[in-house]
Amino acid sequence: MIVVRFQVRCQPGKADEVMAVLRDVVLPSRAIDGVVSFDIGRDVTDPDVFIATEVFEDRAALDRQESLPEVARALEIFEGSLAAEPEEIIFHVSSTETVES
């Protein structure tokens, strides 16, 4: 299993445009075979920051998600909208545990 934490920091005034293209990525990503979960949220302390948490069964699923046209469109928008390079951390997970509350 692969877990990806992806973060972008927008230039002031660009967050709405970035949010729109990120929103377009979510549903197609969730529909891909091998995508366990795919969520994007806004940082509660900084409205110019978005964080994606993505879980994939394997590298092939991650590659399929990254090849979506919606992802390509988001990357185009990022070029003129981000205040810094995106941050991406990839975790290779060997086991998981479900915790019930």
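Biologist: Where is Gln65 found?

Modeller: Gln65 is in helix α2; helices here are DSSP runs of H or I with at least four residues, strands are E runs of at least two, and both are numbered from the N terminus. Before we go on: this is a predicted model, so local features need pLDDT of at least 70 and side-chain atom pairs count only at pLDDT 80 or more, while totals for chains, interfaces and linings use all residues. Residues are numbered from 1 along each chain as its sequence is written, and side-chain values use heavy atoms, with hydrogens and water left out.

Biologist: Okay. Is Gln65 buried or exposed?

Modeller: Buried, with a relative accessible area of 4%. Buried means under 20%, exposed means over 50%, and partly exposed is in between, using a 1.4 Å probe and protein chains only.

Biologist: What does Gln65 touch?

Modeller: Leaving out residues up to four places away in sequence, Gln65 touches Val25, Ser29, Ile32, Phe38, Glu54, Phe56 and Val71. Contact means heavy atoms within 4.5 Å.

Biologist: And Phe56, what does that one touch?

Modeller: With residues up to four places away in sequence not counted, Phe56 touches Met1, Ile2, Val4, Gly34, Val35, Val36, Phe38, Ala61, Leu62 and Gln65. Phe56 also turns up in the largest nonpolar core, among the residues with the most contacts inside it.

Biologist: How many residues has that largest nonpolar core?

Modeller: It has 25 residues, and Val8, Val18, Phe50, Phe56 and Phe78 are those with the most contacts inside it. A nonpolar core is a set of buried Ala, Val, Leu, Ile, Met, Phe, Trp, Tyr and Cys residues joined through side-chain atoms within 4.5 Å.

Biologist: Which elements give two or more residues to this core?

Modeller: β1 (2–9), α1, β2 (35–42), β3 (49–56), α2 (59–66) and α3. Of these, α1 gives the most, with six residues.

Biologist: Let's switch to helix packing. At what angle do the axes of α1 and α3 cross?

Modeller: Roughly 165°, and the axes of α1 (residues 15–30) and α3 (residues 69–81) come within 9 Å. The axes are lines fitted to C-alpha atoms, for helices over the stretch in contact, and angles run from 0 to 180 degrees between N-to-C directions.

Biologist: Which residues make the contact?

Modeller: On the α1 side, Glu17, Val18, Val21, Leu22, Asp24, Val25 and Pro28; on the α3 side, Glu70, Val71, Arg73, Ala74, Ile77, Phe78 and Ser81. They divide into nine nonpolar, one polar and four charged. Nonpolar covers Ala, Val, Leu, Ile, Met, Phe, Trp, Tyr, Cys and Pro, charged covers Asp, Glu, Lys and Arg, and the others, Gly among them, are polar.

Biologist: Back to single residues. Where is the place of Gly34?

Modeller: Gly34 sits in the loop between α1 and β2. Gly34 is buried, at 7% relative accessible area, and touches Val55, Phe56, Glu57, Ala61 and Arg64, again not counting residues up to four places away in sequence. Gly34 and Val55 are 21 residues apart along the chain, with 8.7 Å between their C-alpha atoms.

Biologist: What about Asp58, which loop is it found in?

Modeller: The one between β3 and α2. Asp58 is partly exposed, with a relative accessible area of 36%. If residues up to four places away in sequence are not counted, Asp58 touches Ile2 and Arg64.

Biologist: How far apart in space are Asp58 and Ser81?

Modeller: 30 Å, C-alpha to C-alpha, and they are 23 residues apart in sequence.
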